[in-house]
Amino acid sequence: MGFLFYGSSEHEIEIEDVALAHLKVVIATKLRRNESFTLSWRHDEGQPRGRSTIWLHPSIQLRFEFAEPEPPQLDPARIQAYANSANTSGGILIPDEHILGSA
């Protein structure tokens, strides 16, 4: 499992390593192009019911932490699916099975 740290928040978003690796490619590509977008997820069972969304913008600090030292094999179809989603008004919605929680 990995973590996504966003902005000055000390709260991390816990995301499965493979999903986070795919998201990192899409997020880095979009931000490098100065394109902003949203990233959303549903809260896990240990949290109050609902969902969260963050606005990803090139000027806001972002850090990825991975549990595994070696990067996973990336699936081009999965990257494309996330990229297509990022280009919509709804932004990227991380599938439930890839979210492990947020502190």
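Select phenylalanine 37 first: its bridge partner is leucine 56, which belongs to β4. Strands here are DSSP runs (E, at least two residues), as helices are (H or I, at least four), numbered from the N terminus. This is a predicted model, in which local features need pLDDT of at least 70 and side-chain atom pairs count only at pLDDT 80 or more, while totals for chains, interfaces and linings use all residues. Residues are numbered from 1 along each chain as its sequence is written, and side-chain values use heavy atoms, with hydrogens and water left out.

Next, display β3 and β4, which pair in the antiparallel sense over six bridges; two strands pair if DSSP finds at least two bridges between them.

Finally, select phenylalanine 3 and phenylalanine 5. What is the angle between the planes of their rings? The planes stand at 45° and the centres are 6.2 Å apart, so the pair is tilted. Rings pair if their centres lie within 6.5 Å; planes under 30 degrees apart count as stacked, over 60 as edge-to-face and the rest as tilted. The structure holds one such aromatic pair.

Key: Rings of Phe, Tyr and Trp (its six-membered ring) pair if their centres lie within 6.5 Å; planes under 30 degrees apart count as stacked, over 60 as edge-to-face and the rest as tilted.
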